Amino acid sequence: MSGTLLYIEDDPQIAGPVARDLKDRGYAVRWLQSGERAVEEADGCQLVILDVMLPGLDGFTVGQRLKKIFPDIPILMLSARTSIDDKLQGLGFADDYLTKPFHPDELAARIGVLLRRAGSISSSPLSLGHLTVYEEENRIVLAESGEEIPLTGKQFQIFFYLLRHLGQIMTKEQIYEAVWGEPYMEGDKTLMVHIRYLREKLEKDPAMPEIIETVRGIGYRVKA
């Protein structure tokens, strides 16, 4: 495995050994101690490793900014914060979240998975049953007719969030906080209503969905 990684960590005692280990594994590593130059340094990188606790802008703010500008670059969050709220906030935009302390082999394994996943995304359209999805163009069409399916802004955000995590079960909390940008309140039916309308547009039979699967008690996923 090879490639250029942007590593943002303010603590040299942590960053030094991690950077050396990654270099020994064949990666080129750009190390920053704050997120101030993250956008400039991310250009040309294949993956970003991002600490949450940083001087100045925190990792969540830096990560959201990077994802907006470089949506195809995977972001791996590192943090000593282990609460579910922090993890959900990070996973609202990041591709993975690893808590400290961690073993170098686990970090390397997660980086490898994210790079392979990112490399598998191409300009080729994705077939989902009777639908064809053009990821780079953010378009969904009926495979037989080529007719484009119009979505509202929130429907679009929900579907493509699930698509970015193809085959993974995403909790209601993760989806809501990623799309609405605010904490999910237990019992809130907003997401469920949007999923219902989304299925009416995408599914052949909304009562028996084949694209967006409900995982009872947990959330939803787009089946691979």
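The conversation below covers the domains, their interface and one aspartate.

Modeller: Please keep in mind that this is a predicted model.

Biologist: Which domains is the protein divided into?

Modeller: There are two assigned parts: domain 1 covers 4-118 and domain 2 covers 126-222. Their C-alpha centres lie 27 Å apart.

Biologist: How many residues does each domain bring to the contact?

Modeller: Domain 1 contributes 6 residues and domain 2 contributes 8 residues.

Biologist: And how much area is buried between domain 1 and domain 2?

Modeller: About 570 Å² is buried between them, with 47% of it on carbon and sulfur atoms. On the domain 1 side, Leu88, Leu91 and Gly92 account for 65% of the area buried against domain 2, more than any other three residues.

Biologist: Which element gives the largest share of the domain 1 side?

Modeller: Helix α4 (residues 84-91) does, with 3 residues.

Biologist: A change of topic: where does Aspartate 96 lie, and is it buried or exposed?

Modeller: Aspartate 96 lies in strand β5 (residues 96-99). Aspartate 96 counts as buried because its relative accessible area is 17%, under the 20% cut-off.

Biologist: Which residues does Aspartate 96 touch?

Modeller: Leaving aside residues up to four places away in sequence, Aspartate 96 touches Ile75, Leu76, Met77, Leu91, Arg110 and Leu114.

Terms used
Residues numbered from 1 in each chain as written. Predicted model: local features only at pLDDT ≥ 70, side-chain atom pairs only at ≥ 80, totals over all residues. Heavy atoms only, no water. Domains from an automatic or database assignment. Contact = heavy atoms within 4.5 Å. Buried area = accessible area lost by both parts, 1.4 Å probe. Helix = DSSP H or I, 4+ residues; strand = E, 2+ residues; numbered from the N terminus. Buried < 20%, exposed > 50% of the residue type's maximum accessible area, 1.4 Å probe, protein only.
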